[in-house]
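Dear colleague,

I am passing on the structure below, and after it you will find my notes on what turned up in it. Please read them with the model open beside you.

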Amino acid sequence: MGDNLRFRQIHLDFHTSGLIPNIGSRFDKAKFQQTLLDAHVNSVTCFSSCHHGWSYHPTEVGQMHPNLDFDLLGAQIEACKEVGIHVPVYLTAGVNDVAADAHPEWREIGPDGRYLGWTPSILKPGFKNVCFNSPYMETLCAMIAETMHRYPDCDGIFLDIIMQSPCCCKYCREVMKENGLDPAVEEDRKQCAELALRRYYKMTTETVREIDPDMPLFHNSGHIRRDAPELLSYFSHLELESLPTGGWGYDHFPMSAKYAMNLDFDVLGMTGKFNTTWGEFGGFKHPNALLYETAAMLAFNSKCSVGDQLHPCGELDASTYALIGQAYEQVEKKEPWCIGVNNVAEIALVSSEAVNRIEPDPGHADVAADTGAARLLLEGHALFDIIDDQKMDLSKYKLVILPDDIAVSDAFKQKLDAFLASGGKILLSGASGFDDDGLPLFDFGAECFGESEFCPDYIQIDESIRPDFVKTPLVMYLRSRRIKARAGQSLGKVYDPYFNREAAHFCSHQHTPFTPEHSGFDCGVIHGNILYLAHPVFTIYRWYGAVAYKQLVLNCIDLLLGEGKSLKTNLPSTARVSLMDQPAKQRLVLHLLYAEKSCRGGSMNFSGGNIQASGQIEIIEELSPLHDVTVRLKTDQPVKRVVLQPEGRVVDAQIENGEVRFTLDSFTCHAMLELNYAQNGAP
């Protein structure tokens, strides 16, 4: 839906207690402007209202912060507009303490009668949830309308904390009664919560579009839901909140972007300058971390946003903007190769969250099969997309992966059958591709006998896909399907344990060892263009992380793609790769990313906020160079030359028969390689 977001944005949090004095007292327009310009910032999201419930401008709907005596938001907008910086405006939605204190009947209430919020007790610090089925929605919409009328030249509306708990307040009980739902039934409460969310999306979006149909609008819930694609009609663009050190980790963003980049939306990645997470005053990640994170956003087809929190005095922090400026200086140089690009992929990973309508953990949006599969493909430097089963076209892919538990509808089955008929290949695992009776929907050349009675069991893997360091039976921690290869080729044998671990019979510290004789069942089979693995290997990899599982699956992918595989490289598994096509400039852009990540810290207390307590944080400090990086890329585009950008250095490459080969002597953090296919040189 366009390509209009700016590349170098700041999300300027301003959640400020009503007890703090002198709000905005040190705001200085000229200094504010110069700090942002020196940091190469060209868009900054400023606050109309915060989680505490205060407004930062005169208001007839909400309550202006009691210790603010001027229009701070108006002053910020004026300052930015004078120097060409965009200003989207933030309003709190799902939490609002001022509204909750004035109207406790608007608060979310659990089935046990207790208020819901960011803390389990009203005697502990934390924000209060408000219910979207309550009259609060009318107040929220009035606040949005007032803000848009006061500041018609703002550059967007950002609404935050778009979440609804299974609530039992009087308004939700009325909704459940009207819809034949029972408050005593958990699933009915969840259905009511979904109705409340739909009410929120409809009312807020209609409010914005009635005032300005072209106003950019984003609803933030920390994750772009894949289980409800119809909700995307309420968005103008997508912002992918993903603070690696705030609990998400460094693999969350590329996994989120791999889905979002195919939705025909302009996409913005969002990290933070914090060492931990939101609301951290005086905390700074190392500049190298932000260099890597912003480079990753570019590599995965996203614009960049860095989260900061403004001090109550209204003065931007000098250390923060020196840190951001180092990263955004590099982003500005690289932007020309990142405008109007499309991801190039040969593998489609079907999302379990999307197909099975799974509601993921709202904290980290983790569905085990999706996370395990995406992480495995990232580590294997595969060119892939994450897709749903509805809108996305399969014809551009060579291989479709259905990880572990994909329920295949009749309509999706027709798509997959057509894909197979055209020469496409499919990799299935676990329960994927089976009907409700446990029968396979695809002919993968094996007879099926239901689920195994043993867990865990072991597999002796065929040498065609065997990990290079495992020649004896490998433990598989989750239950398999029983299959016997008939028309297809067996990919290995299953070895059962002597017995399951139970009180009556157990062995050693963990699980019982395998019997010397195999069970007669196979661990996988390949038949024609279909490869099936009997275990939920992607979920196993998500939870156990053993390299052997990764090598097993990557070897299966190589077996299916053969010499048709597009990309081969000697990069380590911790490096990341993406390939973009920029048709307007007639060039491919290959991104190589690398940073050493380490887990640090211990038991931490963040005094509330997004994370109550945590173990370790993934940290980037040093950026070490990689040397002699080899790349072999097969492409249908008639590549003429390879240039390292933005340096403009031509890379010696062998180009023949649709294959590009080169060795990059070294790079640090991010290498962006232009593969020019213009018919008459550079476009």
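How many bridges join β34 to strand β35, and do the two run parallel or antiparallel? Four bridges join β34 to β35 (residues 659-667), and these strands run antiparallel; helices (H or I, at least four residues) and strands (E, at least two) are DSSP runs, numbered from the N terminus. Across this pairing, I655 stands opposite V660 in β35.

Please bear in mind that this is a predicted model, in which local features need pLDDT of at least 70 and side-chain atom pairs count only at pLDDT 80 or more, while totals for chains, interfaces and linings use all residues. Residues are numbered from 1 along each chain as its sequence is written, and side-chain values use heavy atoms, with hydrogens and water left out.

The two strands belong to an open sheet of four, in the order β24-β31-β35-β34, with antiparallel pairing, where two strands pair if DSSP finds at least two bridges between them. At its edges lie β24 (567-569) and β34 (653-656), each of which pairs on one side only.

Leaving aside neighbours within four places in sequence, L402 is in contact (heavy atoms within 4.5 Å) with residues including V350, F412, I426 and L428.

In helix α13 (residues 537-544), V537, F538, T539, I540 and Y541 are buried, and the buried residues of this helix pack against elements that include α11 (368-379), β14 (399-402), β23 (530-533) and α14. After α13 comes G545, whose phi is positive, near 70°.

Finally, A79 is found in helix α2 (residues 72-82), and it counts as buried because its relative accessibility is 0%. Leaving aside neighbours within four places in sequence, A79 is in contact with F27, K29, F32 and Q33, whereas the C-alpha atoms of A79 and S25, 54 residues apart along the chain, are separated by 16 Å.

Definitions and conventions
Buried < 20%, exposed > 50% of the residue type's maximum accessible area, 1.4 Å probe, protein only.
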